[in-house]
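Welcome! Let's get to know this structure through a few questions and answers.

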Amino acid sequence: MKIIILGSIVFTKNIIDYLIKKKIQIDGIIGKKQSKINSDHFDIVKKYRNKIDSFYTKDINDKKTFLWLQNKKPDLIICLGWSNIIHYKILKIPKFGIIGYHPTDLPNNKGRHPIIWPIILGLKKTASTFFLMNKKVDDGKIISKKIININKNYTVKDLYKKLNKIASYQIYKILINFKEGKVYFKKRHKFKGNFWRKRNFEDGKIDWRMDAENILNLVRALGKPYVGSHFISKNKVIKVWKVKIVNSKKTNLEPGKIIKIKNSYPIIKCGKNSIMLLEYYPKLKLKLNSYL
């Protein structure tokens, strides 16, 4: 069975490594040299071109990419981390179709930033889902779904790592089942589910009127390898990478006030409770009882 993998992020690289370790033959890969969309971009072509037939593309739907794929005559294409919609003419090339991946409980939570939004929203569960792609975004018959609990202390890096581990094993089992003719598709839901929109700059902004728990979730969700949450001080963008909730019984203090400095770490009053800034950049000269 001829397999081609399409992707451009660290997640893609990790799954390719796992499949190689499991001695799954990969007959081709398609990747991007760079990406303005994905902060976790990874050049899989550069890494594997000496071992696997590889192809760079800027547009998955252009003529050159179409002809390269057509000449490869793949039985299956696996799409792992690709931010552009794939045209139907590409979907029709492989014998068994294109397997897509979305780290949510499809058909719920389709769309953008599927690893970031669950943490921002304080969800307790998400999922790792493989499906047979069709013309619609994040739609199609589900092949494999694993529900994942989100630990309240997880950063986005922790969730990313867990998803990668589970998804690697899922796709390995899927490929084995395809080879043995034992692939079963789960019954499609009648409801359409919801779509998450693209995150913007304002979504990452800390407003000290927010509850401390919501600020903590925001910081956890936008940590490395992503862009980081932020607040504005004296017209400067301050990136926040790590915080801690500090319980506060005082309710007569305004949000944004620095109520304590402990071991050089400022504690800021929030809408509910307070936040200790443990890691942020650039550093500020903050004074007790001043405001952010």
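Q: In which strand is Asn149 found?
A: This is a predicted model, in which local features need pLDDT of at least 70, side-chain atom pairs count only at pLDDT 80 or more, and totals for chains, interfaces and linings use all residues. Residues are numbered from 1 along each chain as its sequence is written, and side-chain values use heavy atoms, leaving out hydrogens and water. Strands are DSSP runs (E, at least two residues) and helices likewise (H or I, at least four), numbered from the N terminus. Asn149 belongs to residues 142-149, which form strand 8.

Q: Is Thr126 buried or exposed?
A: Thr126 sits in strand 7, residues 125-132. Buried means under 20% relative accessible area, exposed over 50%, and partly exposed in between (1.4 Å probe, protein chains only). With a relative accessible area of 6%, Thr126 is therefore buried.

Q: How many Å apart in space are Asn149 and Thr126, C-alpha to C-alpha?
A: Asn149 is partly exposed, at 48% relative accessible area. In sequence, 23 residues separate Asn149 and Thr126. In space, their C-alpha to C-alpha distance is 6.5 Å.

Q: Is helix 1 oblique or roughly parallel to helix 6?
A: Helix 1 (residues 10-21) packs against helix 6 (residues 156-180) at about 45°, with axes 9 Å apart. Axes are lines fitted to C-alpha atoms over the stretch in contact (heavy atoms within 4.5 Å), and angles run from 0 to 180 degrees between N-to-C directions. Angles under 35 degrees count as roughly parallel, over 145 as roughly antiparallel, 65 to 115 as roughly perpendicular and the rest as oblique. So helix 1 is, relative to helix 6, oblique.
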